Amino acid sequence: MLPRQGLPTVRVRLSDRGAVEARIASYHGVSFPEVLAAVDYLRDPGDSVIAGGSLTLGLGNRLSDLDIVISGPASAESSRVPLQHWLKSLRVDVWKLRADAMDELVGRAEAVLGGEGPVAGAFGDMFEEADLKLLHRVAFGLPIEGPGIQPAASRSYRAIAGDLLVREYAERMREAAFVAQLALAAADPLGAALSARLAALSSLHATIYAHGLPFTGDKWLGERVTTDAPELAERHALYSVLPEPDADVAAFVRSAVRASEHLSGLELSLAALAAQGRFDAGDLELYPAGTARFLVSVDRDGLWEVTDAEAAAWNGRSGRGGWACDPGRAAGLKLSYDLYAAGIASLRWERGLPVAELAFAREDIA
Amino acid sequence: MKASGSGAGRLAWCQSQALWLNLALVARLEDLEGAVEARQSGLVRYSAMAIGEDCALILALTERHEKPLPVRSMRAGWALARIRDHALWPECWRLIRSFELSQTNEEIAAACRRLVASTRAIVGQVPDGLTHDGYFPMLALTREWYKLLDALGQKGFFPDEWTRDRSPKGTA
């Protein structure tokens with residue numbers, strides 16, 4: 001286990017209310033009182049109005065929307081989707097939250113962080129990240145009416161939100177590093193390069209969040225490292241662009257995995273990771289039909305014809321109801337990868353990656 | 001009329017997934033245009049990568065009707081493999097691969113606009129849900145597709161966070 005070393009080295013730069021309001025006024029000619037008037041119908045007595053998102057975090061641009069969270073002690077209902085409003089050219093997306101919503105969300109985050117299980121997208125679909133965004137909009141949000149929302153928590157709300165991000169992105173990095181090496185073994189260089197890029201960029205995400213920077217989603221990573229983590233900017237540039245198909249993809253994968261290992265402090269070799277994960281293909285079964293062989297899933301209404309070699313690899317799995325890859329068996333590696341890449345099998349990890357075991361906060365990045 | 005027989009559910013599911021991605025392209029384009037104007041090169045490149053992936057997925061779903069989709073991290077590769085012989089493969093790959101720093105933001109944006117226009121020339125235009133004029137037509141279109149998917153027993157295309165009964169409790 002690696003000890004967490006030192007304190008975050010990056011000061012969190014949040015815009016103040018005046019700066020955000022001036023920016024919105026310059027883009028759209030809209031003031032905060034006008035925003036408050038437009039969303040007033042959603043407020044219950046005592047509700048706070050919190051502005052969040054890229055515009056409040058020193059990022060964003062003229063076409064960015066303004067994200068608003070409304071909640072308070074009397075809020076009895078939550079909106080299921082963001083409620084859109086337009087003020088001149090400014091789009092305002094509003095999330096109305098029930099009074100106990102944030103308490104529940106933070107409680108769940110603390111429980112996950114205290115446990116051994118993987119986060120595994122428990123706080124939002126991998127790319128939608130609805131709960132992660134919500135956590136951070138409130139943690140790093142800018143109160144524009146009423147006090148900030150203070151969920152019940154055993155420690156700093158920002159620290160909980162930050163640790164959850166570190167763990168989430170560390171787990172994404174681990175899975176992507178594993179799949180990249182699996183794809184190489186399965187002779188899919190394009191898949192290998194895509195996963196290797198994801199591993200490297202996920203390790204950069206985990207690193208900036210380990211240093212206390214707020215979450216702004218995947219799309220702002222380039223601007224974020226340029227502005228706040230220049231030590232990572234070169235690595236970001238190095239892994240953002242995929243090699244051409246006829247280039248040395250294996251070298252790109254090795255380099256991305258090494259960079260991820262360096263930042264995380266974890267061993268991410270195929271052999272090390274193969275022992276930690278298991279594939280699961282649900283109700284998939286092999287059916288011979290004359291000279292043909294089919295993998296069939298009734299649940300997914302799917303049928304896939306396989307070769308004799310693939311059928312043999314399927315029968316050679318190390319267990320039913322979930323199997324681990326043996327790095328020494330090429331046919332098994334290839335079949336596992338092909339099923340995963342086609343969406344037929346999923347990948348489950350035996351345990352998560354507790355923040356205390358990760359080294360992302362080790363080095364200065366600014 | 002094109003009969004789809006026992007594959008009706010799969011056909012509708014694939015078409016609806018492609019529609020949702022097509023509708024969501026307006027947000028990608030908004031990110032792109034805002035980033036070009038503000039000279040935010042990182043966001044320009046991220047948006048281009050996402051547009052390339054979404055267009056590849058739209059084309060793969062529309063032309064191959066394959067289900068299921070893999071996890072999000074695998075979809076770019078899944079889509080590129082299924083449109084390998086398509087005329088738009090090189091443009092999709094170019095955007096998904098991303099761009100060296102020597103490429104200008106304007107050149108990247110132009111490539112994105114071309115690919116979106118070419119993709120929509122094949123799969124059709126959709127309302128812009130980010131504008132006053134397009135918001136309600138977009139809602140009406142998704143409502144009609146949800147009725148169709150319900151009739152065929154197929155899962156809808158909205159993010160799970162918008163439709164699930166719990167988690168986060170506050171936004172369900």
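Which strand does β1 (residues 48-52) of chain A pair with in the antiparallel sense, and over how many bridges? The partner is β5(A), and the pairing runs over 3 bridges; by pairing I mean at least two DSSP bridges between two strands.

Hi everyone, some housekeeping before the rest. This is a predicted model, where local features need pLDDT of at least 70, side-chain atom pairs count only at pLDDT 80 or more, and totals for chains, interfaces and linings use all residues. Residues are numbered from 1 along each chain as its sequence is written, while chains are lettered from A and ligands numbered from 1 in the order in which they are written.

Back to the sheet. It is open and mixed, with 5 strands of chain A ordered β3-β4-β2-β1-β5; strands are DSSP E runs of at least two residues, helices H or I runs of at least four, numbered from the N terminus. β3 and β5 (142-145) of chain A sit at the edges with a single partner strand each, so one side of each lacks a neighbour in the sheet. Within β5(A), A:E145 stands opposite A:V49.

Now the interface: 49 residues of chain A are in contact with 44 residues of chain B, contact meaning C-beta atoms, placed from the backbone, within 7 Å. On the chain A side, α6(A) gives the largest share, 5 residues.

Finally, confidence. The predictor gives the complex an ipTM of 0.91 and a pTM of 0.92. Chain B has a mean pLDDT (per-residue predictor confidence, from 0 to 100) of 90. Still, residues 166-172 of chain B fall below 50.

Key. Two residues are in contact if their C-beta atoms, placed from the backbone, lie within 7 Å.
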